[in-house]
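Open your viewer and get ready to click along. We will go from stop to stop, with something to select at each one.

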Amino acid sequence: MLKLLQFPVNLIVDRKFKRFSNRHVLKTCRMRTYKQLQEYAKGRDAIIIGSDQVWNCATIRYDRAYFLKFAAADKRVAYAPSFGITECTQEQRAFYKQMLTGMRYLSVREKSSVELLHNLGCEGAKEVLDPTLLLTKDDWEKVAISPRKKRYIFAYILRNDLQAKKFLKALKRKTGLPVYSVYRGYVPAIRDGACTIVGPEQWVGYLMHAEYVVTTSFHGTAFSINFCKAFFLFTGDDRLYGNNVRQNDLIAKFHLENRKNPKDVEEAVKIKTDWGRVHAILDAERGNSKKWLLSALEEVCG
């Protein structure tokens with residue numbers, strides 16, 4: 001019943017995402033079989049895989065296509081794939097070792113993933129930025145659709161995180177600002193007054209112009225850093241949400257751990273961030289990531 005209630009909203013959201021990708025992304029026809037991938041790869045100079053949790057076995061269900069096994073070994077490039085884990089089962093170790101054999105141009109998104117690959121016997125992996133951070137705020141502004149309200153709190157909470165919701169209510173009381181929330185589902189929209197029916201352009205616009213951001217999300221955090229937003233990241237219990245490694249590695253890279261799991265809203269709003277220092281790190285990381293990617297493509301394409 002819950003899925004049936006959510007279906008109409010999810011259908012609208014999916015259509016908005018498809019319109020966005022059709023407008024901004026050059027795509028092939030849809031490929032449904034491994035053989036189709038093999039045939040397509042024969043005429044390509046390079047095949048690239050990336051990024052968010054594309055190497056998480058729980059997500060991809062051990063699908064070898066995500067490791068580009070359908071393409072010639074010298075044409076494969078891995079840009080910023082994320083495992084979403086820090087430890088492997090024996091089954092996963094065997095699978096990863098088999099899949100990563102011959103992956104010459106290998107980069108990953110998290111520092112913890114470099115360590116994971118080292119433990120698997122894969123040396124030389126480069127740590128690079130998430131692809132969304134290769135674009136500047138000016139780049140994203142070209143596609144963003146801004147909301148009408150000028151001052152508000154933006155909430156992007158992907159799971160039922162009670163600590164995040166409690167903090168959000170306290171922040172609303174403290175500031176007197178309205179809340180824009182984005183959920184994926186009809187029932188939370190009714191309960192929380194959430195604004196659910198948004199596409200990527202609206203999502204970027206809401207976050208870009210927010211006074212504060214409350215999130216549980218990796219990309220909610222990444223875009224907040226890119227846009228210099230006063231964000232508060234809630235990761236819940238690491239024992240329950242193992243993929244918090246993605247968020248933890250991200251905020252550690254930019255020395256923003258003081259914005260994780262704030263307890264007191266009065267103290268949280270006083271947190272000051274030297275965005276000049278943060279963006280000096282971001283600019284350096286962006287330059288190194290682009291340099292690695294272009295170098296890999298130049299070598300692959302000859």
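What follows is a walk through sheets, helices, cores and a few single residues.

**Before you start.** This is a predicted model, in which local features need pLDDT of at least 70, side-chain atom pairs count only at pLDDT 80 or more, and totals for chains, interfaces and linings use all residues. Residues are numbered from 1 along each chain as its sequence is written, and side-chain values use heavy atoms, with hydrogens and water left out. Helices (H or I, at least four residues) and strands (E, at least two) are DSSP runs, numbered from the N terminus.

Stop 1: Two strands pair if DSSP finds at least two bridges between them. Now pick strand β2 (residues 76–78) and strand β3 (residues 105–108), a parallel pair with 2 bridges. Which residue of β3 is the bridge partner of Ala78? Click on Leu106 to see that partner.

Axes are lines fitted to C-alpha atoms, for helices over the stretch in contact, and angles run from 0 to 180 degrees between N-to-C directions. Contact means heavy atoms within 4.5 Å.

**Stop 2: another sheet of four strands.** Here the order is β6-β5-β7-β8 in an open sheet of 4 strands, with parallel pairing. Look for β6 (179–181) and β8 at the edges, each pairing on one side only. On average, neighbouring strands of this sheet are turned by 20 degrees against each other, direction ignored. Helix α9 packs on the sheet and touches β5, β6 and β7, its direction making about 130 degrees with that of β5. Helix α10 packs on the sheet too, touching β5, β7 and β8, at about 160 degrees to the direction of β8.

Zoom in on strand β7 (residues 212–215). Tyr212 and Val214 point one way from β7, Val213 and Thr215 point the other way, and all are buried. Buried means under 20% relative accessible area, exposed over 50%, and partly exposed in between (1.4 Å probe, protein chains only). β5 and β7 run parallel and are joined by 4 bridges; Ile153 has Tyr212 as its bridge partner in β7. β7 also pairs with β8 in the parallel sense, over 4 bridges, with Thr215 opposite Leu233 in β8.

**Stop 3: the cores.** A nonpolar core is a set of buried Ala, Val, Leu, Ile, Met, Phe, Trp, Tyr and Cys residues joined through side-chain atoms within 4.5 Å. Select Tyr79, Phe154, Trp203, Val204, Phe231, Phe254 and Trp292: of the 43 residues in the largest nonpolar core, these touch the most other members. Two or more residues each come from β5, α9, α10 (218–226), β8 (230–233), α11 (245–253) and α13 (275–301). The largest share, 7 residues, is given by α13. Leaving aside neighbours within four places in sequence, Phe231 has contacts including Val213, Ile225, Leu256 and Trp275. There is also a second, separate core of 28 residues, with Ile49, Phe70, Met99 and Leu106 among them.

Stop 4: Show α10 and α13, whose axes come within 10 Å and cross at roughly 110 degrees. They are therefore roughly perpendicular to each other (angles under 35 degrees count as roughly parallel, over 145 as roughly antiparallel, 65 to 115 as roughly perpendicular and the rest as oblique). Ser224, Ile225 and Asn226 of α10 meet Trp275, Val278, His279, Leu282 and Arg286 of α13.

Then show helix α1 (residues 2–24) with helix α9 (residues 200–208): their axes come within 8 Å and cross at roughly 95 degrees. That makes α1 roughly perpendicular to α9. Lys16, Phe17, Phe20 and Arg23 of α1 make the contact with Pro200, Glu201 and Gln202 of α9.

**Stop 5: two loop residues.** Finish at Arg148, in the loop between α6 (137–141) and β5 (153–156). Arg148 counts as exposed, at 82% relative accessibility.
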